[in-house]
Amino acid sequence: MLARFEYHAASWQACCVTRVCYCVFTGPAPLVAQAPHICYSFTSVTPMVVPATTDVSLPFLQALLFVPVIYSMIGFQAEVEKCFYYFMMFLATISFYTILGQFMVYVTPSQQIAQVLGSGLNFMFNIFNGFVIAYPSMPKYWRWLNRLVPTTWVLYGLGVSQLGDVTGHIVQFAGRRMSVSAFTRLLFDFEYGMRWWCLLIVFGYVVFLRVTSILALKYVNFLRR
């Protein structure tokens with residue numbers, strides 16, 4: 001029960017992170033919606049790349065203010081590597097949602113449509129990311145969706161970084177005694193060695209969306225004279 005409680009504490013925190021990031025996704029939409037009106041007049045892609053570089057500073061500041069407070073309040077393990085990992089994963093997640101919000105605005109005719117579609121997309125993320133149904137319990141024809149959803153790797157990374165190396169606590173599950181790390185492998189298919197890959201995958205989504213959002217801003221035009 002201890003492992004399950006700790007896992008759900010980490011998972012709930014990951015969900016809180018995604019909810020905070022979802023607010024970041026929907027909040028700036030009215031401002032982002034003005035970008036196409038300005039950038040359609042440019043013939044070069046350079047003025048569109050400049051805001052992409054300045055977008056890095058705000059998520060970094062948010063992570064710097066949010067992570068120390070929340071990490072200590074939850075009572076996660078006070079280790080440098082785990083604290084650093086949590087900071088980087090939060091930074092990657094909030095950057096992902098910020099750029100996803102921009103992308104949705106750029107590829108849709110209006111801000112309102114972007115927010116509706118973004119809400120539906122986030123709902124699908126929550127269904128298939130493994131929080132409601134763990135990956136091993138999913139039907140086989142759903143599992144590819146779990147691996148495709150970006151928030152899967154947020155939950156995976158935050159959960160396994162805190163519990164994947166815990167061998168001192170022994171839990172009893174399904175009539176067997178096992179360590180917490182073995183419990184997470186059995187019930188959630190979490191491998192401790194995957195934690196940095198999870199972080200890399202989330203940052204990969206950030207880079208992909210950043211590039212596609214710039215291209216969408218350049219080539220997708222819903223304005224008519």
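## Aromatic pairs and a helix crossing

One aromatic cluster is formed by W153, Y156, F183, F188 and F190. The model is predicted. Across the whole structure, a search finds 15 aromatic pairs. Two of them are set out here.

F128 pairs with W142. Their ring planes stand at 90°, so the pair is edge-to-face. The ring centres are 5.6 Å apart. F128 sits in helix α7 (residues 111–128), while W142 belongs to the loop between α7 and α8 (143–148). The pair therefore ties together parts that lie 14 residues apart in sequence. F128 is buried, whereas W142 is partly exposed.

F183 and F188 make an edge-to-face pair too, because their planes are at 80°. Their ring centres are 6.1 Å apart. F183 is buried, and F188 is buried as well. These two residues also belong to the aromatic cluster.

| Residue | Relative accessible area | Class |
|---|---|---|
| F128 | 9% | buried |
| W142 | 31% | partly exposed |
| F183 | 3% | buried |
| F188 | 7% | buried |

Now the helices. The axes of α5 (residues 57–74) and α6 (residues 80–106) come within 9 Å. They cross at roughly 135°, and the two helices are therefore oblique to each other. The crossing of α5 and α6 is right-handed.

Residues from each helix meet in this contact. On α5 they are P59, F60, Q62, A63, L64, F66, V67, I70 and Y71. On α6 they are K82, C83, Y86, F87, F90, L91, I94, S95 and T98. By class, the contact of α5 with α6 has 14 nonpolar residues, three polar and one charged.

Notes. Residues numbered from 1 in each chain as written. Predicted model: local features only at pLDDT ≥ 70, side-chain atom pairs only at ≥ 80, totals over all residues. Heavy atoms only, no water. Axes fitted to C-alpha atoms, helices over the stretch in contact; angles between N-to-C directions. Helix = DSSP H or I, 4+ residues; strand = E, 2+ residues; numbered from the N terminus. Parallel < 35°, antiparallel > 145°, perpendicular 65-115°, else oblique. Left-handed = near helix turned anticlockwise from the far one by under 90°. Contact = heavy atoms within 4.5 Å. Nonpolar A, V, L, I, M, F, W, Y, C, P; charged D, E, K, R; others polar. Phe/Tyr/Trp six-rings, centres within 6.5 Å; stacked < 30°, edge-to-face > 60°. Buried < 20%, exposed > 50% of the residue type's maximum accessible area, 1.4 Å probe, protein only.
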